[in-house]
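Please look at the sequence and the model before reading on.

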Amino acid sequence: MTLSLHSEFSAPDRAVVHVGGRLDAMTFGELDEAMLALLPQLPDGGTVVIDLTGLTYISSAGLRSFAKVRKTMRAHGGHTLLLNPQPQVRKVFDIVKAVPVNEVFTSTQELDAYLDRMQRQITEGDDEA
Amino acid sequence: MVLRSIASRTAWWVLVGSTLVLGAIGGLLLALTRAQILQHTHHEAAALAANAGSQIQARVDRVAVSAQMLAAIIASRQDDAEPLLRDTLAANLDIDGLAAVFRPPLDPAAPRPHSPFVNRLDNGALSSRDLSQDANPYWNNNWFLGGLGCTGGCWQRPFFSQSRHRQLVNYSTTIERNGHPIGIINADVTLNWLHRILGSLDKPPGAYTFVLDSDGNYLAHDNPELVGQRGGTALLDALASDHAESMRLPVAQNPRARGPVWVYSAPIQGTRWRLGLVVPEYQIYASVRHIFLLSLALGLLAMLGVALITLLTIRRTMAPLGVLADRAEHVARGELDFELPAARRPDEVGRLTESFDQMRRELALHLEDLARVAREKQRLASELEIAHQIQLGLLPNAHYLDAVCAQFELHAALHPARAVGGDLYSYFMLDPQRFFVMVGDVSDKGIPAALFMAQTITLAKALAPRAQTPQNLLRLLNLELCRGNDSCMFVTLLCGLLNTGSGNLVLASAGHEPPILCGRGAPLVLEFPTGAVLGLYEDSDYPEHVLRLGRGETLLMYTDGITEASDHDERMYGIERTVESLAQVPPTAATAAYIERLLGDVDRFVADAPQADDITLLALSWHGSVLKTTEMTLDNRLPDVFAALDRCEQLLQDAGTPVALCGDMRLALEELMVNTVEYGYPDGQTGQIRLRLQPLADAVAVELIDDGVAFDPLQSADPVLTGDLADRERVGGLGIHLARTMTDEMRYTRDAQGNHLLLRFAYPTQDGSSP
């Protein structure tokens with residue numbers, strides 16, 4: 001089983017990347033390339049949601065790819081959110097404390113609620129500004 | 001024993017009884033007769049004695065009268081005395097001699113008066129002499145002096161005459177003149193006539209007579225030896241008593257008489273004599289005794305005759321009974337084929353014989369019936385036994401251990417309530433990877449259920465290759481069983497298909513009891529939707545339930561014989577008790593332990609209540625596959641590494657290794673090998689990595705050997721984990737950290753071959769955590 005990738009823009013500043021299969025030393029390059037192509041399309045302060053529902057396996061190489069994505073996004077004031085990691089993946093995340101827990105969501109509803117909240121903060125911030 | 005038969009006993013008692021009666025009556029009769037005879041004898045004897053007395057008296061009187069007449073005549077005609085004496089002597093033969101003696105004159109010189117004495121000689125001639133001329137003068141003799149005193153005449157004592165050689169007795173009477181005695185007439189009387197009279201008496205046989213004189217001496221006696229002797233004291237005393245006529249003396253004086261005697265006496269008038277008649281007592285009763293003995297003999301003879309007749313009659317009458325008794329012994333031995341005596345008369349014996357015959361015939365019929373029933377029963381039992389064997393033959397072994405890789409184990413137990421039953425179980429390998437198992441319970445019990453069971457089990461085995469899944473199998477089986485099932489038999493069935501490699505189990509149930517999963521904490525009753533029972537509704541569907549047996553987990557399948565086992569109070573064992581019982585089995589126990597435990601508990605619960613239903617129990621354990629030791633060698637290139645990783649994962653999955661463990665192992669191995677490829681061979685050297693998978697009892701061991709530069713992953717520092725990898729300048733050391741974390745044990749050595757890394761991955765325990 002190899003890596004499967006699929007990305008879409010749910011909003012102009014929000015991309016959703018569906019990652020499936022295995023993300024390891026063999027396949028992380030594919031993700032890196034895909035993200036290299038995708039991320040520049042997002043405006044500054046955009047959000048990339050990585051849907052991990054289909055991801056069954058991840059190794060340290062995969063973790064590094066995610067770290068790169070998050071660095072890139074952070075550099076542009078954007079956010080990287082992880083959705084629904086499977087037990088095996090979650091276990092790896094937990095061992096290496098890969099991402100802040102508030103950036104991992106177990107369901108779409110949870111994520112949507114978070115995004116709405118964030119949207120309101122931005123809007124209110126704009127109002128204040 | 002002579003008196004064994006009723007006939008002889010009856011005859012014997014008849015004889016004894018009638019003899020007793022005869023004896024008693026005879027005795028009574030004898031006593032009465034004796035009294036009468038005695039009375040009669042008394043009369044006769046008294047009469048005889050009186051008669052004899054009067055005869056003697058008549059003779060004596062004649063003598064006395066003759067003497068007195070002579071005295072009277074001679075008183076006046078003294079001179080004619082001699083002729084008178086002669087005439088008188090000639091006329092009276094009883095007198096042996098007569099004397100007329102006179103007193104001598106007072107003057108001795110005066111001539112003596114002629115005193116003639118005439119006596120009879122032996123030849124009958126008479127001789128006479130003058131006593132006055134005797135030398136020895138008579139007047140001084142006692143007989144003369146005594147005679148002068150006998151005015152009226154008196155009898156003197158007997159004496160024995162020496163001259164005449166005979167016993168004589170004198171009768172003296174005085175010759176008176178002017179009132180003065182002048183002389184005496186003395187008559188010598190022979191006693192021969194007395195003897196003759198006594199002898200001529202018509203005495204009873206054995207009796208004898210005697211005459212006693214005034215002094216108690218025997219004057220005459222039938223026994224001549226006693227004549228002249230004195231009578232016995234007892235006799236004289238008795239005669240002197242008041243009852244002298246008849247008396248009984250215990251002992252007679254006469255030695256000729258034996259035993260007690262009766263004495264009858266009569267006085268002889270004119271004398272002081274007494275006549276006695278002695279009759280021995282035994283003679284009195286002789287005749288009656290004789291008659292009595294004769295009667296007794298005749299009576300006994302008659303009794304014997306009666307007894308004989310009784311014996312013969314009863315024996316003849318009872319003869320059929322003897323035969324019947326003999327035949328009854330035959331009956332007791334079971335021999336009924338025999339001849340019975342023909343019933344002669346319609347009496348009790350005849351009726352008994354007929355009833356016996358009828359009993360024999362009906363008994364024979366009954367026995368034949370019984371034998372037939374017994375044969376039938378035996379045949380049925382034998383057929384049932386064969387059916388039992390055949391049914392057992394339909395069932396596979398009670399224990400099945402996958403011989404190839406010991407990945408699963410099955411134990412089964414089936415206890416029919418009767419010889420044959422409706423419970424069933426079966427299992428078989430559908431293909432090398434899949435194991436089919438089923439447990440079922442046919443409605444009803446006994447032979448119909450057994451036939452339906454056989455049909456079900458055979459069909460299931462035949463249809464399984466076509467069906468491939470439990471759901472399909474139940475569908476196909478249902479259709480087949482519905483066909484021609486007019487008796488509306490049905491079967492509940494639980495089917496399972498086990499993937500022996502993965503422990504994956506697909507279940508489908510047709511109205512069967514839910515299985516119980518053990519070994520995963522408390523026993524779990526797997527309630528899932530079931531289809532209708534097989535054999536009734538053709539359009540039934542059977543939803544599948546999928547579960548995965550963990551390592552060491554056991555699925556328990558059973559029939560309602562377990563849950564509905566009832567004790568004496570009709571309480572059922574129930575599913576709760578079943579679960580409780582299974583919960584007692586330790587998780588590490590062998591598969592058979594579940595069956596032993598549950599069956600034992602059910603047995604204890606039921607105690608000695610009869611088993612109402614068949615009991616079937618089947619335990620299926622999955623041990624997880626056993627990994628074979630595998631070694632692979634690869635180049636230090638990433639594609640090779642990943643190919644090896646894929647292969648390892650496949651091996652582990654095939655061995656049924658839990659998915660989580662597979663993921664952990666893959667991660668650790670990837671990190672370590674990728675690290676080796678990337679950093680172990682600087683300057684683009686080529687090298688080789690060897691990987692060896694080895695199963696352990698509770699873990700999988702992996703050995704990694706590479707010929708790269710020395711590197712001990714245990715020595716590398718733990719990465720600083722801030723909670724966000726994106727914070728790190730350079731992401732490194734994570735792989736080694738991950739590998740160390742995922743491994744339960746890691747050991748490193750370095751030798752000539754290179755780096756040796758020994759890893760150990762433990763199987764997860766029941767709670768899911770790694771030890």
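The model is predicted: local features need pLDDT of at least 70, side-chain atom pairs count only at pLDDT 80 or more, and totals for chains, interfaces and linings use all residues. Residues are numbered from 1 along each chain as its sequence is written, while chains are lettered from A and ligands numbered from 1 in the order in which they are written.

Chain B contains 16 helices and 27 strands; these are DSSP runs numbered from the N terminus, with helices (H or I) of at least four residues and strands (E) of at least two. Among the 771 residues of chain B, 34% are buried, a term for residues with 20 or more other C-beta atoms within 10 Å of their own, the C-beta atoms being placed from the backbone.

B:W262 belongs to strand β10 (residues 261–267) of chain B. This residue is buried because it has 21 C-beta neighbours inside 10 Å. Leaving aside residues up to four places away in sequence, B:W262 touches B:A45, B:S246, B:R248, B:V279, B:E281 and B:I284; contact requires C-beta atoms, placed from the backbone, within 7 Å.

Between the chains, 20 residues of chain B are in contact with 20 residues of chain A. The helices of chain B tabulated here each supply at least two residues of the side that touches chain A.

| Helix of chain B | Residues |
|---|---|
| α14 | 638–654 |
| α15 | 659–679 |
| α16 | 734–742 |

The largest share of this side, 7 residues, comes from α15(B).

Definitions and conventions: A residue is buried if 20 or more other C-beta atoms lie within 10 Å of its own, exposed if 12 or fewer, and partly exposed in between; C-beta atoms are placed from the backbone. Two residues are in contact if their C-beta atoms, placed from the backbone, lie within 7 Å.
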